[in-house]
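This note is meant for a colleague who is opening the model for the first time. Please read the numbered points alongside the sequence and the 3D view.

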Amino acid sequence: MQTPIVDFVRQYAERSALRLHMPGHKGTGPLGAEALDLTEIEGADVLYHATGILRQSQENVARIFGTAKTLYSTEGSSLAIRAMLYLAVLFAKSMGKRPTILAARNAHKTFVTAAALLQIDVQWLMPSQEDTVLSCHITPSALEEQLLKSKPTAVYLTSPDYLGNVADIEALSQLCHKHGVLLLVDNAHGAYLRFVGRHPMQLGADLCCDSAHKTLPVLTGGAYLHIAKGAPGFFLEHADLAMSIFASTSPSYLILQSLDATNRYLSEGYEGRLAAFIAEAAQTKRRLSALGYRFLGEEPLKLTIATKSYGYTGDELAQHLTEQNIVCEFSDPDFLVLMLTPEVGEAGLERLETALASIEHRQPIAVLPPKLPNPVRVMPMYEALTRESRECPIVQCDGAVLAAPSVTCPPAVPILVCGERIDAQAIACMEYYGIEKCRIVV
């Protein structure tokens, strides 16, 4: 497969031209990558108004993912999420409807702030008490009940979630389309699922974002917005506009080259390499399970350990691995999340297995996380987010109204959202997850 962006930039770098254009480093500097870092000069095309090399490259990735259209983001899935919501708003209004989205509660904070600023009416699909703040299992029957009750214009799901749980997108998409509702999926953690037949674009979603940099060999910030072949043609017409409204006018050409080069990587035997590595990872997981480790989630490239059953908090187990120079993706009091790709290799899996096997199996920790709060909306999200606010210690916030999501990244999943009242249960949850301050409406 051709790599038009990579080829153009390398040819330009080889010219050794006098660069009287941005960026200011002029092609030289301490990193060594400056010669390949361009701006939108003649021939470099214009992202979101693409007619040349960027359009060719995006058409390549659309063929790989089997979509009607795929657009690049150099600002992660956050940009694609904002664009998806904007498209949902435009589409609802084109149908003479008020934009209403039924969303699983474990949404990334970008969804919350974008929905607030776009003044979307969000109705929440709440997790069960068996779920954690990071998970929200939605069954087809539960979704249909809410579709009949809320009559939204779109449904928004996060799958896979941060712990590696994968929703039944095929069944849920069929329900959405039965009721004339769009399905939007935050698939930030699952770009590689295209190559195991489980990608949302293969299972009926209308719009979907992938963080290519999370599970594919792409530089940080590289992501995709996918539009399904069966989605309304309206999206094809407005997709570039939606991305351009929220995007920087100075996209990173280093990230664009990375996305472009990955098209060739994916088209040249990646599916086979991925299948072989997934099989090796599954064997590693089985051997660790035999030692007493308990895993959860269905995502094949994510190892999520429920650490308390092994006698440790997630943070403690992460520290043990850090001491052996193994750095995990995420830990909290209950879980340790390890993200794999074929680039880890068999040697990396062996190193991880040896490290985990060396950790003593202790008596299980019986302490459970606090129950999730039952949030009460006091004011619209937009109003809370745009009102005067101040930051306070969480212990002083009982009864106050949350102004902005209080959560770090990772995992970037808020316990409460803008406009909801902070109560004792919410405070207990925030303290449990290490949140010490939050911003409240004055």
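1. A disulfide is counted here when two cysteine sulfur atoms lie within 2.5 Å of each other. Because the sulfur of Cys 438 is 3.5 Å from the closest cysteine sulfur, which belongs to Cys 397, that pair is too far apart for a bond. With a relative accessible area of 1%, Cys 438 is buried, where buried stands for under 20% relative accessible area, exposed for over 50% and partly exposed for what falls in between (1.4 Å probe, protein chains only).

2. The model is predicted, so that local features need pLDDT of at least 70 and side-chain atom pairs count only at pLDDT 80 or more, while totals for chains, interfaces and linings use all residues. Residues are numbered from 1 along each chain as its sequence is written, and side-chain values use heavy atoms, with hydrogens and water left out.

3. How many disulfides does a search of the whole structure find? The search finds zero, and for Cys 208 the nearest cysteine sulfur is that of Cys 209, 5.9 Å away. Cys 208 has 0% relative accessibility and therefore counts as buried.

4. Cys 208 and Cys 209 also belong to strand S6 (residues 207–210), both faces of which are covered: Leu 207 and Cys 209 are buried on one side, and Cys 208 and Asp 210 are buried on the other. Strands (E, at least two residues) and helices (H or I, at least four) are DSSP runs numbered from the N terminus, and two strands pair if DSSP finds at least two bridges between them. Strand S5 (residues 182–186) runs parallel to S6 and is joined to it by three bridges, with Leu 207 in S6 as the bridge partner of Leu 184. Strand S7 (residues 223–227) pairs with S6 in the antiparallel sense over four bridges, and there Asp 210 stands opposite Tyr 224.

5. A further point concerns an open sheet of four strands, which has the order S8-S9-S11-S10 with antiparallel pairing. Its edge strands, S8 (295–296) and S10 (330–331), each pair on one side only. Strand S9 (residues 302–306) and strand S11 (residues 335–339) run antiparallel and are joined by five bridges, and Leu 336 in S11 is the bridge partner of Ile 305. Helix H12 (residues 314–323) packs on this sheet and touches S9, S10 and S11, a contact being heavy atoms within 4.5 Å.

6. The structure holds 15 aromatic pairs; rings of Phe, Tyr and Trp (its six-membered ring) pair if their centres lie within 6.5 Å, and planes under 30 degrees apart count as stacked, over 60 as edge-to-face and the rest as tilted. The ring centres of Phe 234 and Phe 235 are 6.3 Å apart with planes at 75°, so this pair is edge-to-face, and both residues are buried. The rings of Tyr 293 and Tyr 310 have centres 3.8 Å apart and planes at 15°, so they are stacked. Because Tyr 293 lies in the loop between helix H11 (270–290) and S8, and Tyr 310 in the loop between S9 and H12, the pair ties together parts that are 17 residues apart in sequence. Tyr 293 and Tyr 310 are both buried.

7. One aromatic cluster is formed by Phe 65, Tyr 72, Phe 195, Tyr 224, Tyr 265 and Tyr 270, and Tyr 224 is also the residue in S7 that stands opposite Asp 210.

Methods: Axes fitted to C-alpha atoms, helices over the stretch in contact; angles between N-to-C directions.
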